[in-house]
Amino acid sequence: MVAVAILAAGKGTRMRSDLPKVLHLLGGRSLVERVLIGCQALQPERQLAIVGYQAHRVKAAMVDYPDLEFVEQTQQLGTGHAVQQLLPHLADFQGDLLVLNGDVPLLRPETLIALLQTHQQHQNAATILTAQIANPQGYGRVFCDSNNLLQEIIEDRDCTDNQRQNLRVNAGIYCFNWQKLQEVLPKLQSNNSQQEYYITDAVNFLSPVMVYDVADDREILGINDRRQLATAYEILQARIKDNWMAAGVTMIDPDSVTIDDTVSIGVDAIIEPQTHLRGNTTIGSGSRIGPNSLVENSQIGTNVTLMYSVVVDSSIGNNANVGPFAHIRQQGSVGESCRVGNFVELKKSTIGDNTNIAHLSYIGDATVGDRVNIGAGTITVNYDGKNKHQTIIGNFTRIGSNNTLVAPLNIGAQVTTAAGSTIVSDIPDDCLAIARSHQTIKPGWRPKWHQD
Ligand code: UD1
Ligand code: MG
């Protein structure tokens, strides 16, 4: 049986933030959420988070995880003190306890599984995740013998200059035999440079303790300051983009692209430079997204072209052609094979298939049919200063250029409106509507100053 405990009570002083460190976002998810998701592969019997600094905010941020139990550490007296808080909660628990630092968000599930297997195979009292890294500054140093058996962990601050040369570091991830850990937890003391109770001292009390070196040391990055948060983002991005490229997605200049790990992309999609895919977004196969586009919480069909555009909380049908400089937002739905072109904004509007809104338009709160053409410069007047009103446009209708469609409005199918019209009342099917003043021509007329 396995229980996991995530240490998430610290303030994170080095972040210099009002927000608890573990709630800082990394690629759209908080650090603590990433840690929790990372350990789900172990199918833990119990999942506990130790919270303290702004506990109410951390709890509120984790409401989507009802299996997570919260343990309060009212005073943050160190990582060892944090684990001591588990004693009453796990009094009856028998098995292994995996302790995870809430600020180490990039661990792969495979690594945790391998750590647990090593621990269980050797029946260790504890097994700790370590790495050999070129710049070990800030990490606890791990000393062990040639059989990977631990001799001692010493915190960076408590090391001598000589000890600091050791490149093997403590990742802050530990598997404990809970029975044995229970016995040593009360013995922790705070006689160190930080006057804190260290979980690493509990490890030092136990035997045998084995170290397990992670294959890829980028997994164990601990986030203590904003620089490390940015580094973690780079690592995460490289991982996500490598995965998509391996899965058949082309990226032109991947360094300029960012993709959340909640996004999914079909084969043969091409992601052009300076493009950002966020949140719950899917990109269909064969689509070409970018350059310079943002797609957030949106579903993009197959073989779509979308360039220099922003699409948020919306969907785009197969074979549509969007941009340059289109903005589609708030439940915008563009049908198949549509053309939504230059400087067009769509808001809360549903556009049928094969419809063109090609230039300089604002279409808000509208339902537009199939095979409609909206002329350049047309806008819906959807807002009277107080309420939003709907515009409905039927199939095959042609709205002339520079029309002002004053909602609420119901324009039928097969309608044509004249260029420059201000349409204020409903139009039945199969009509021509002209709503503009007649042109007047005054022969021989000149401005006064030209009359001499
Ligand atoms: C810790 C380890 C260090 C390791 C490093 C890896 C100790 C003493 N040191 O150092 O050996 O190399 O992680 O990243 O454990 N926390 C609590 N309650 C507290 C204090 C901290 O819950 O009273 C939580 C923090 O929210 C954080 C985690 O424990 O998520 C680690 O604390 P942090 O202060 O970052 O420890 P490090 O100095 O990084
Ligand atoms: Mg840390």
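**Helix 1**

I began with helix 1 (residues 31-38), where 7 of the 8 residues are buried, so the rest of the structure largely encloses this helix. The buried ones are Leu31, Val32, Glu33, Arg34, Val35, Leu36 and Gly38. For my own record, buried means under 20% relative accessible area, exposed means over 50%, and partly exposed is in between, with a 1.4 Å probe and protein chains only. Helices (H or I, at least four residues) and strands (E, at least two) are DSSP runs numbered from the N terminus.

**Ground rules**

This is a predicted model, with local features needing pLDDT of at least 70 and side-chain atom pairs counting only at pLDDT 80 or more, while totals for chains, interfaces and linings use all residues. Residues are numbered from 1 along each chain as its sequence is written, chains are lettered from A and ligands numbered from 1 in the order in which they are written, and side-chain values use heavy atoms, with hydrogens and water left out.

**The magnesium ion**

Which residues coordinate the magnesium ion (ligand 2)? I found Asp103 (OD) and Asn224 (OD1), at 2.2 to 2.3 Å. This pair links distant parts of the chain, 121 residues apart. Asp103 is in the loop between strand 6 (96-101) and helix 4 (109-121), and Asn224 is in the loop between strand 11 (209-213) and helix 8 (226-246). Both Asp103 and Asn224 are buried. A caution to myself: donors are N, O and S atoms within 2.8 Å of the metal (3.2 Å for Na, K and Ca), and water is not among the atoms, so sites may look incomplete.

**Ligand 1**

An oxygen atom of ligand 1 is 2.8 Å from a polar backbone atom of Leu7. For a polar backbone atom of Leu77, the distance from a ligand 1 oxygen is 3.4 Å. Asp103, which I already had down for the magnesium ion, has a side-chain N or O atom 3.0 Å from an oxygen of ligand 1.

How much of ligand 1 does the protein bury? Taken alone, ligand 1 exposes 760 Å², and the protein buries 92% of that (Shrake-Rupley, 1.4 Å probe).

**Gln84**

Gln84 is found in helix 3. Its side chain reaches the backbone oxygen of Leu185 at 2.7 Å.

**Cis peptide bonds**

Where do cis bonds turn up? I wrote down Ser207 to Pro208, with omega about -10 degrees, and Gly290 to Pro291, with omega about 5 degrees. Pro208 is in the loop between helix 7 and strand 11. Pro291 has its place in the loop between strand 18 (288-289) and strand 19 (294-296).

**Positive phi**

Gln274 has phi near 55 degrees, a positive value in a residue other than glycine. Gln274 lies in the loop between strand 15 (270-271) and strand 16 (276-278) and is partly exposed, at 39% relative accessible area.

Asp313 also has phi near 55 degrees, and is not a glycine. Asp313 lies in the loop between strand 22 (310-312) and strand 23 (315-316), partly exposed at 38%.

**Two asparagines in loops**

Asn319 is found in the loop between strand 23 and strand 24 (321-322), and is partly exposed with a relative accessible area of 41%. Asn319 and Gly286 are 33 residues apart in sequence, and 9.4 Å apart C-alpha to C-alpha.

Asn395 is found in the loop between strand 33 (391-393) and strand 34 (398-399), and is partly exposed at 33%.

Note on methods: A polar contact is a pair of N or O atoms within 3.5 Å; within protein, one must be able to donate a hydrogen and the other to accept it, and residues adjacent in sequence count only if both atoms are side-chain atoms.
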